[in-house]
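Me: I have a model open and would like to go through one of its helices. Could you take me through it?
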Amino acid sequence: GIGLALGERFLAEGMAVVLADIEEAALAREVGRLEAAGGRVLGVRCDVGDAAQVAALRDRALAAFGAVHVLCN
């Protein structure tokens with residue numbers, strides 16, 4: 001809900017967006033929809049209760065886009 005809406009708004013403003021979710025199917029569906037609309041989107045399956053997965057999320061975001069300027073949890 002709220003995270004996806006924020007991502008949509010950031011895309012509308014020309015930002016690249018990283019979406020993370022534990023639900024892989026829902027994540028893939030929304031990333032595909034946003035990419036089809038022209039957005040620069042990276043989707044990462046992540047369980048935020050697992051520090052290693054959060055670190056991997058950070059690493060993928062940095063590898064894809066070079067920096068993180070806004071973080072919404």
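Reply: Helices (H or I, at least four residues) and strands (E, at least two) are DSSP runs, numbered from the N terminus. This is a predicted model, in which local features need pLDDT of at least 70, side-chain atom pairs count only at pLDDT 80 or more, and totals for chains, interfaces and linings use all residues. Residues are numbered from 1 along each chain as its sequence is written, and side-chain values use heavy atoms, with hydrogens and water left out.

Me: What follows α2?
Reply: Glycine 38 follows α2, and its phi is positive, near 100°.

Me: Which residues of α2 are buried?
Reply: Ala26, Leu27, Glu30, Val31 and Leu34 are buried in α2; buried means under 20% relative accessible area, exposed over 50%, and partly exposed in between (1.4 Å probe, protein chains only). Seen down the axis of α2, these buried residues fall within an arc of 125°, so they line one face of the helix. The arc is that of the directions from the helix axis to the C-beta atoms.

Me: And what do they pack against?
Reply: The buried residues of α2 pack against α1 (2-12), β1 (17-21) and β2 (41-45), where contact means heavy atoms within 4.5 Å.

Me: Why does glutamate 30 count as buried?
Reply: Glutamate 30 counts as buried because its relative accessibility is 16%.

Me: Changing topic, in which sense do β1 and β2 pair?
Reply: β1 and β2 pair in the parallel sense, over 5 bridges; two strands pair if DSSP finds at least two bridges between them. Alanine 20 stands opposite valine 44 in β2.
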